[in-house]
Amino acid sequence: MSGTSATDTHPLRSETASVATDDINDAPGSPIIADFQDSMGEDSATNGESSQAMDELDYGESGDEDSPLLQQPQPKRGRRFFQNGFFGQRASSPSYSEADTADSATEADLLLPSPSETSSVRLISRGRWGTFLIRLATYMAIGIFFILGWKLVFLPRTTLRRDLARLRHFQMSLPDLERALFRVPDPNSIREWSNYYTSGVHLAGTNLSQAQWTADKFTEYGIKTEIVPYYTYLNYPKDHGLRLLGINETVKYEASLEEDPLPEDPTSMRADRVPTFHGYSANGNVTGQYVYVNYGRQKDFDILEQHGVSVTGRIVIARYGGLFRGLIVKGAQERGAVGVLMYTDPGDDGNVTIYNHYKSYPDGPARNPSSVQRGSVQFLSVTPGDPTTPGWPSTQFAERTDPYNSIPSIPSLPVSYRDMIPILSELNGMGFNPNDIGEDWRGGLREFDYSSGPSTNSLNMFNLQEYKTTPIWNTIGRIDGIIKDEVVIIGNHRDAWVVGGAGDPNSGSAVLIELARAFGELKKQGWKPLRSIILASWDGEEYGLLGSTEWGEDLAKFLGAKAMAYLNVDVAVSGPHLDVSASPLLTTIFKDVAKRVAHPSGGYVYDHWFTDSNAHVGSLGSGSDYTVFLDHLGIPSIDFGFGGDSNDAVYHYHSNYDSSAWMNRYGDPSWEFHATMVKIWGLLVLQLSEVEVIQFDVEEYARSLVSYFRRIQEKIGEIATDNAEPTSTSSWMDSGVYSCPDKDGSLIRECTYIDREAAADVDLPDFELGWWYIASSLHNCTNALENLMKTAAKFEEKSSYVRAEYLTDYPWFKSYKKMRLYVQIQELNSRYMKFERKFLYAQGLDDREWFKHIVFAPGIWTGYAGATFPGLDEALDARDIRNTKKWLDIITNAVNDASALIDID
Ligand SMILES: [Zn+2]
């Protein structure tokens with residue numbers, strides 16, 4: 001129906017009616033409506049207007065007075081419901097009185113002024129219903145508002161932590177989890193796991209069943225698990241020999257190259273025990289004079305050279321203890337030696353020696369004289385991992401390269417000190433003895449005087465290894481967290497040099513299984529970690545960190561983006577003293593954990609650690625599976641375990657006597673230290689995985705950088721002083737590049753001298769030239785570090801504020817604060833995640849580009865021990881001024897990037 005025709009035909013049309021009224025009043029008359037008009041009068045008419053107005057408000061047909069819908073109030077869906085449904089019936093209740101209606105009218109009038117005194121009967125009738133409805137709606141609105149308000153006022157104030165826990169359907173707090181975790185570790189079950197691992201040969205690539213057993217255990221504890229193989233190049237021992245030759249090549253003495261089978265130590269008796277050998281040693285049969293080189297450090301070789309003792313063409317004999325064994329071979333090889341023998345001198349065993357009246361194992365805690373330290377002679381500080389795939393994963397059909405950049409080309413053998421005594425005794429009085437070249441050349445044996453040689457008699461050494469490319473097996477378990485993009489990884493290697501390996505590595509393996517069991521228990525209680533957790537049981541660590549390195553290279557992209565931290569345990573227990581090395585980001589959190597775990601001999605772990613070493617945290621070098629994570633991928637890492645000191649039972653590292661028998665008698669008779677390791681490792685995981693704001697300490701990192709840099713500055717000072725001496729021709733000069741000050745000394749101008757004569761024309765001491773060249777870089781680096789200290793302090797301040805807010809109760813009407821807080825947490829976390837990565841340098845360290853971290857790397861000539869600012873440190877050692885400047889600038893850039901990352905307001 002159109003508006004115009006309706007208006008024309010309406011019988012009750014009034015002169016005074018407005019356009020709007022015309023439109024509304026066009027409905028055909030009705031007797032019922034007429035009755036209402038009589039009884040209700042003007043007020044009702046007014047109410048009719050209100051009703052119309054309300055209809056408009058309710059249904060959103062606002063303002064359009066020409067709307068056809070208003071011309072004939074055809075109920076729409078909602079309207080019909082309102083009129084005929086539950087509310088409509090209530091509106092017709094007889095209890096409503098005239099007075100009620102009048103009141104409603106008044107209220108409605110306040111809302112909308114009455115447009116006219118005249119209205120139609122139909123409107124009046126509708127108005128009455130409308131009155132009910134408005135009133136009802138109003139009361140109901142007030143009621144609902146009141147009830148809601150009441151509820152909201154008494155709604156509990158909550159923390160963001162609690163809100164998120166509710167959202168994630170997980171209500172156990174960290175203390176709940178901690179208590180549940182601490183209930184699990186059981187020394188007896190840990191011993192059982194250890195007995196399993198130490199009951200059969202598990203050299204790298206020889207024991208798939210142990211990888212499978214580990215996977216089965218993880219699966220049993222509800223952890224998704226897979227076995228990941230890599231195909232690595234490695235060697236297995238076939239044959240060896242060592243003979244001291246007399247006149248006319250007669251055999252004067254033949255070394256046993258065997259560890260004594262001991263009835264008290266069943267694994268040492270096994271027929272399938274692993275021969276003594278070196279991983280990656282070269283095959284060879286060499287004969288020559290021999291030289292004792294102390295620890296085989298670079299400085300030891302230098303001293304010999306200075307005294308005119310050459311190792312070229314000779315066999316080198318070194319004692320273990322100064323540096324990673326592969327680097328002894330590297331040093332010897334580079335100086336022309338043809339073979340290397342290594343033995344463990346009891347003088348390096350601390351106070352527990354037969355000379356101090358201790359009995360030797362198995363009768364006492366001193367070293368068994370026949371014990372031999374096996375081990376890898378890979379050049380660990382150059383490239384770890386499979387030597388044929390440096391930097392890429394050893395998948396089955398991977399491209400391979402010549403391995404000799406990182407493994408030796410001369411043979412080497414490990415020997416017991418008992419086997420070595422007749423050989424080194426031959427050198428008595430030959431060459432130089434410790435009186436001439438330094439007391440630190442003297443070991444603990446009394447049978448000879450530690451003369452350097454060379455010998456007059458020759459040694460013949462023979463080494464036969466079978467080399468092959470063979471699968472190794474990592475067992476990888478995964479507990480998916482709520483946050484999938486942040487992953488905490490824990491790892492321990494499974495392979496050992498010997499049938500036993502109760503300390504290295506299977507104390508760690510047993511602890512790992514027990515920790516998996518603990519995680520299984522937590523899962524049973526409904527635990528789903530906030531961040532994902534990966535558990536790794538590596539194979540091939542002993543040869544050169546094979547399993548972890550290949551996996552890290554394989555998953556570099558994933559790990560680079562998502563790995564939050566790597567927590568390594570190699571030897572979990574070989575004594576009672578805690579040893580910790582870590583990225584400075586993790587030191588604070590580790591100390592916090594150590595303060596909450598009870599120590600087997602009373603008090604807390606931290607107390608004993610503090611007494612032992614002032615709670616010292618070392619810097620990470622290499623020698624275990626954290627290497628790829630920290631040094632190659634920039635993932636904050638930690639390595640820890642309980643070891644012995646100079647007054648504890650001698651740990652027979654990489655020997656047949658690293659066995660269950662030794663562990664039960666000397667290492668950890670109660671197995672309580674193992675259980676303690678489960679708690680420390682587990683709590684560290686929870687502290688990292690369950691706490692919303694990542695608990696890294698960038699301030700500690702900045703402080704550490706400053707202290708490392710101070711060492712560098714001291715070194716520069718020493719070099720400058722050395723070079724100032726007139727006798728020392730300039731080492732700085734050897735690089736050929738100098739900066740020299742202008743005449744007034746105010747400008748730094750780079751100039752290159754072609755030869756020494758030209759350089760000599762400059763009448764400044766050489767060290768000043770060098771100083772001038774690096775002065776501005778040194779200055780920039782110092783400034784960058786100072787700035788990092790400031791931004792780091794600010795960042796940690798912000799972080800502790802956010803941490804506190806996270807645990808602060810807020811009422812519901814301040815939810816926006818919690819939302820903002822949530823965003824802040826994400827922002828902080830993403831910066832924490834990226835921080836350590838800022839110290840990666842894509843091109844890597846000089847001559848060993850696999851190592852990308854500019855702050856931490858194994859010392860190029862130490863291997864185990866960490867070097868700090870290795871690129872810079874090595875440039876200084878080489879007296880290479882150009883490279884010194886290069887590394888100063890690289891460090892400055894990285895430090896500035898790190899500052900920019902954490903510079904937030
Ligand atoms: Zn190990």
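**Before starting**

I remind myself that this is a predicted model.

**Entry 1: two helices**

I started with helix H10, residues 174–183, and helix H26, residues 672–689. At what angle do they pack? I get about 155 degrees, and their axes are 10 Å apart. Angles over 145 degrees count as roughly antiparallel, so that is how I file H10 and H26. I also checked the hand of their crossing, and it is right-handed.

Next I wanted to know which residues make the contact. On the H10 side I noted Leu-174, Leu-177, Glu-178, Leu-181 and Phe-182. H26 brings in Lys-679, Gly-682, Leu-683 and Leu-686. Sorting the residues of this contact by type, I have six nonpolar, one polar and two charged.

**Entry 2: strand E10 and its partners**

Then I moved on to strand E10, which covers residues 458–479.

- Strand E1 (residues 224–245) pairs with E10 in the antiparallel sense, and I find 21 bridges between them. To get my bearings I picked out Asp-239, and its bridge partner in E10 is Leu-464.
- Strand E4 (residues 284–288) also pairs with E10 in the antiparallel sense, over five bridges. Here Thr-287 stands opposite Asn-460 of E10.
- Strand E12 (residues 531–538) is joined to E10 by five bridges, and these two run antiparallel. In this pairing I located Arg-478 opposite Ile-534, which lies in E12.

**Entry 3: a four-stranded sheet**

My last stop was an open sheet. In what order do its four strands come? I read E5-E6-E7-E9, and the pairing is parallel. Which strands stand at the edges? They are E5 (290–292) and E9 (412–415). Each of these has a single partner strand, so one side of each is left without a neighbour in the sheet. I also looked up the twist, which averages 20 degrees from one strand to the next.

To finish, I took a look at the E5 end. E5 and strand E6 (residues 315–319) run parallel and are joined by three bridges. I marked Tyr-290, which stands opposite Ile-315 in E6.

**Recap for myself**

H10 and H26 are roughly antiparallel. E10 pairs in the antiparallel sense with E1 and with E4, and E12 runs antiparallel to E10 as well. In the open sheet of four strands, the pairing is parallel.

Methods. Residues are numbered from 1 along each chain as its sequence is written. This is a predicted model: local features need pLDDT of at least 70, side-chain atom pairs count only at pLDDT 80 or more; totals for chains, interfaces and linings use all residues. Axes are lines fitted to C-alpha atoms, for helices over the stretch in contact, and angles run from 0 to 180 degrees between N-to-C directions. Angles under 35 degrees count as roughly parallel, over 145 as roughly antiparallel, 65 to 115 as roughly perpendicular and the rest as oblique. A crossing is left-handed if the near helix is turned anticlockwise from the far one by less than a right angle, and right-handed if clockwise. Two residues are in contact if their C-beta atoms, placed from the backbone, lie within 7 Å. Ala, Val, Leu, Ile, Met, Phe, Trp, Tyr, Cys and Pro count as nonpolar, Asp, Glu, Lys and Arg as charged, and the others, Gly among them, as polar. Two strands pair if DSSP finds at least two bridges between them.
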